[in-house]
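Thanks for coming. I will go through a few local features of one model, and then we can look at them together on the screen.

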Amino acid sequence: MNIILHDLSNHLIFAPLTLTRPVGNLRSGMWTNDERWRFYLPEATVSFQTEEYLVDKFPMHQTDDNVWVNATVIPNVELVKLVQELQVDESLYVNGVFVAQRGATFSPKESNSHQLEEFLVLEHRWDLYQKNDSILATDFAAYVKGRKSASLSKTNTLIGDANQLFIEEGATVECAILNVKSGPIYVGKNAEIMEGSVVRGGLAMAEGSALKLSTKVYGATSLGPHSKVGGEVNNVIFQAYSNKGHDGFLGNSLIGEWCNLGADTNCSNLKNNYGNVKTYSYLTESMEQTALMFMGVTMGDHSKTSINTMLNTATVVGVCANIFTSGFPPKYVPNFSWGGEQKSPVYNLDRAVDAANQMMVRRGKQITDGDLRILQFLFPEEKN
């Protein structure tokens, strides 16, 4: 089966995270959505239909027979079965939402409609953390079926059903308190929970990720591959390769790849008047009212904060922003902001790329031509 995850018209809804990736590559629960489809259909080819400037890094593989899938829909066992049953030139709608269409080209027509009780779809960028508990629980149940967890060291304290904890071979967990009563805990290959950490599920730790000494985690939280987290986090998603290695609070937040939060970076996730928050929309290029009371920071790839940074409720930080201002940065920090103040100068492109590459080299990676073209497209002066 050739699956193409289609952004539809949703690309900017999930920005700044999707400024550097397709919608189908967003992380929630245990996986990104493309990883999720590969888990359910290991023999399938999975690619993306996305913005033109992203295709060098995220190419589309198109054949004479494709299954075009709504990238915002979270697959589960029942939904995958319905997609597998699609005939050529047939479309699938679930609960009134377009899910998939089979054919040589993308031309959905409402010809096959179903109702499902367990149906998760991302409509706003904050749905990634708002629905993360449900997504994580669904992923966990599907993944652990028929698998056996590695044993938990006796130095740890487990509260709740042991079946809600899964530890991969090669993972390290010592002297931690793990509470799975409110959600499962998954510890991936070569991941580590260091001594003194206290975790209340759900939690998903991808390969090579780590909780530093005495970290406090409230679910539902997802750590992408090789992300390092310390301090206190509550309902946060790290895409991959990002660091929050020191004390400081982060709640109801979305952090891109290759970000670094300096020591004692703190994020407000609740207004002092307990009112619903406004946040920046890349779709309308303005502040928009939401129906949410809790919202922390959303940070695009390759952005950094200095020590003691204070972030206001519902702050949005673009790609390659370097924040080192005293006081609170504005609630919207544009791409390539140098300093993170109102009317900050633009971060020099060559210097920003060099800093990004320096961080990547430390993890055995380096910036690719595809990465570079994305950053060049997003750089303000390149678009004028």
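I start with Phe 166, which sits in strand β12, residues 165-167; strands here are DSSP runs of E of at least two residues, helices are runs of H or I of at least four residues, and both are numbered from the N terminus. This is a predicted model, so local features need pLDDT of at least 70 and side-chain atom pairs count only at pLDDT 80 or more, while totals for chains, interfaces and linings use all residues. Residues are numbered from 1 along each chain as its sequence is written, and side-chain values use heavy atoms, with hydrogens and water left out.

Is Phe 166 buried or exposed? At 4% relative accessibility, Phe 166 counts as buried; buried means under 20% relative accessible area, exposed over 50%, and partly exposed in between, with a 1.4 Å probe and protein chains only. Leaving aside neighbours within four places in sequence, Phe 166 is in contact (heavy atoms within 4.5 Å) with residues including Phe 140, Tyr 143, Ile 185 and Val 187. Phe 166 and Leu 26 are 140 residues apart in sequence, and 23 Å apart in space, C-alpha to C-alpha.

Next, Asn 252, in strand β25, residues 249-257. Asn 252 is also buried, with a relative accessible area of 8%. Its side chain makes a polar contact of 3.1 Å with that of Asn 235 and another of 2.6 Å with that of Asn 269. A polar contact is a pair of N or O atoms within 3.5 Å; within protein, one must be able to donate a hydrogen and the other to accept it, and residues adjacent in sequence count only if both atoms are side-chain atoms. Not counting residues up to four places away in sequence, Asn 252 touches Tyr 129 and Phe 294, among others.

Now helix α2, residues 77-84. Which of its residues are buried? They are Leu 79, Val 80, Leu 82 and Val 83. Seen down the axis of α2, these buried residues fall within an arc of 160°, so they line one face of the helix; the arc is that of the directions from the helix axis to the C-beta atoms. The face turned away from the buried side carries Val 77 and Lys 81, both exposed. The buried residues of α2 pack against several elements, among them α1 (33-40) and β8 (97-103). At the start of α2, a side-chain oxygen of Asn 76 reaches to within 3.2 Å of the backbone nitrogen of Glu 78.
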